[in-house]
Amino acid sequence: MELSEYVQKGFQMLADPGSFDSNAFTLLLRAAFQSLLDAQADEAVLDHPDLKHIDPVVLKHCYTAAATYILEAGKQRADKSTLSTYLEDCKFDRERIELFCTEYQNNKNSLESLLGSIGRSLPHITDVSWRLEYQIKTNQLHKMYRPAYLVTLNVENTDSRSHPEISFSCNMEQLQDLMGKVFKSSI
Amino acid sequence: MLLDLSEEHKEHLAFLPQVDSTVVSEFGRIAVEFLRRGSNPKIYEGAARKLNVSSDTVQHGVEGLTYLLTESSKLMISELDFQDSVFVLGFSEELNKLLLQLYLDNRKEIRTILSELAPDLPSYHSLEWRLDVQLASRSLRQQIKPSVTIKLHLNQNGDHSTEVLQTDPATLLHLVQQLEQALEEMKTNHCRRVVRNIK
């Protein structure tokens, strides 16, 4: 994992019990995870009274370092030993390393889920609806008397958050063909 | 159900008894060809010269025949009704038989052409699929994310379009289930009764 000097410096400050006592450390750590993973997270997550005594610049630096590290670790699927090694290098004591790893483990699934959902992909089918009709006549053609299906695929675009629909008509044979092919792909 | 032929229409068709039955057959062939591909006025001029009449007369004759054939095909009138409708024109027995034959021979194709004129939604042509597994992305490494990529081929008014879509295995199973239900519906008593009785 490649991490910048900025992150390293932030962690070194975070490791120092003089700058961050146990309580402050835990609060900052939780705030970092929360703001990444909780969509409804409060913007003023660092506004806790127990963090007020710390210089805001230092606070911001450490918070950013923690958030950056968490995302990078999540992206690379870092295991406990990788995490411990890095934190040791940043002069974290045993207790703080344990705390970090526990907090990371608790949030690992949500983190990976979040990271996995970022990115471009093809339009994604979310649902299908269908309509069966019996065609009787049009103004150009009478006595048609044939069944037809109208199929609508609900589609979601990851980027634009738009929900276009793809509709098409087909007769029974075509629907059977479609069904057969889709079914084969699902086996 | 009898065809309702206007006076103007009857006038145009009045040209037909004045020519040979081979000519009438040829006009019939031209009429269907025009339905398939669109009309070509040059053909009228050629025929007019050979028959020694004005090209307008030829055009009216062909158009009258076209209208006769398309209206009959649209309404899907029975042989008997067709014969009765044509009877009012006062043509010879031979010409009547020829016209009936023209109708019966071309009815199916004309109905197919007419069905293409209906308000149209894209219709299904075919489907290709591919199973993929996503291994990594810029934001997350070491993934195993299966997905099915589908290329849907659709037709509309002669244009071919394709949609490339993706879905996950769970949604795919849901799709299969839903489409199965759709197909099953045709076999229910309700649908069978409707199909049997509305003809």
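A residue counts as exposed when its relative accessible area is over 50%. Keep that cut-off in mind as we look around this predicted model. B:Gln142 has a relative accessibility of 55%, so this residue counts as exposed. You'll find B:Gln142 in the loop that joins β1 (123-134) to β2 (145-156) in chain B. Its phi is near 50°, a positive value in a residue other than glycine. Most residues other than glycine have a negative phi.

Chain A has a case of its own: A:Lys91, with a phi near 70°. A:Lys91 sits in the loop between α4 (80-89) and α5 (94-116) of chain A. With a relative accessible area of 63%, A:Lys91 is exposed.

## Salt bridges in chain A

How many salt bridges does the structure hold over all chains? The count is 15. One of them pairs A:Arg94 with A:Glu88, and their closest N and O atoms are 3.5 Å apart. A:Arg94 is partly exposed at 48%, and A:Glu88 is partly exposed too, at 42%.

Now for a pair within a helix. A:Glu112 and A:Lys108 meet through their side chains in a salt bridge of 3.2 Å, N to O. They are four residues apart in helix α5 of chain A, so about one helical turn separates them. A:Glu112 is buried, with a relative accessible area of 12%, while A:Lys108 comes out as partly exposed at 22%.

Helix α6 (residues 172-186) of chain A holds another pair, A:Asp177 and A:Lys181, which are four residues apart and therefore separated by about one helical turn. Their salt bridge spans 3.1 Å, N to O. A:Asp177 is partly exposed at 31%, and A:Lys181 is partly exposed at 24%.

## Charges in chain B

In chain B, salt bridges link B:Glu33, B:Arg36, B:Arg37 and B:Glu109 into a network. Elsewhere, B:Arg192, B:Arg193, B:Arg196 and B:Lys199 form a positive surface patch. B:Lys199 belongs to the segment after α8 (189-197) of chain B, and this lysine is exposed, with a relative accessible area of 70%.

Is B:Thr70 buried or exposed? At 12% relative accessibility, B:Thr70 counts as buried. This threonine lies in helix α4 (residues 55-75) of chain B.

Zooming out, chain A splits into domain 1 (5-119) and domain 2 (124-185). The C-alpha centres of these two domains of chain A lie 50 Å apart.

Technical notes: Residues numbered from 1 in each chain as written. Chains lettered and ligands numbered in written order. Predicted model: local features only at pLDDT ≥ 70, side-chain atom pairs only at ≥ 80, totals over all residues. Heavy atoms only, no water. Patch = residues over 30% accessible without salt bridge, like charges linked within 9 Å, V, L, I, M, F, W, Y side chains within 5 Å. Areas by Shrake-Rupley, 256 points an atom, 1.4 Å probe, with all protein chains shown as cover. Salt bridge = Lys/Arg side-chain N within 4 Å of Asp/Glu carboxyl O. Lys, Arg positive; Asp, Glu negative; His and termini not counted. Charge placed at Lys NZ, Arg CZ, Asp CG, Glu CD. Helix = DSSP H or I, 4+ residues; strand = E, 2+ residues; numbered from the N terminus. Buried < 20%, exposed > 50% of the residue type's maximum accessible area, 1.4 Å probe, protein only. Domains from an automatic or database assignment.
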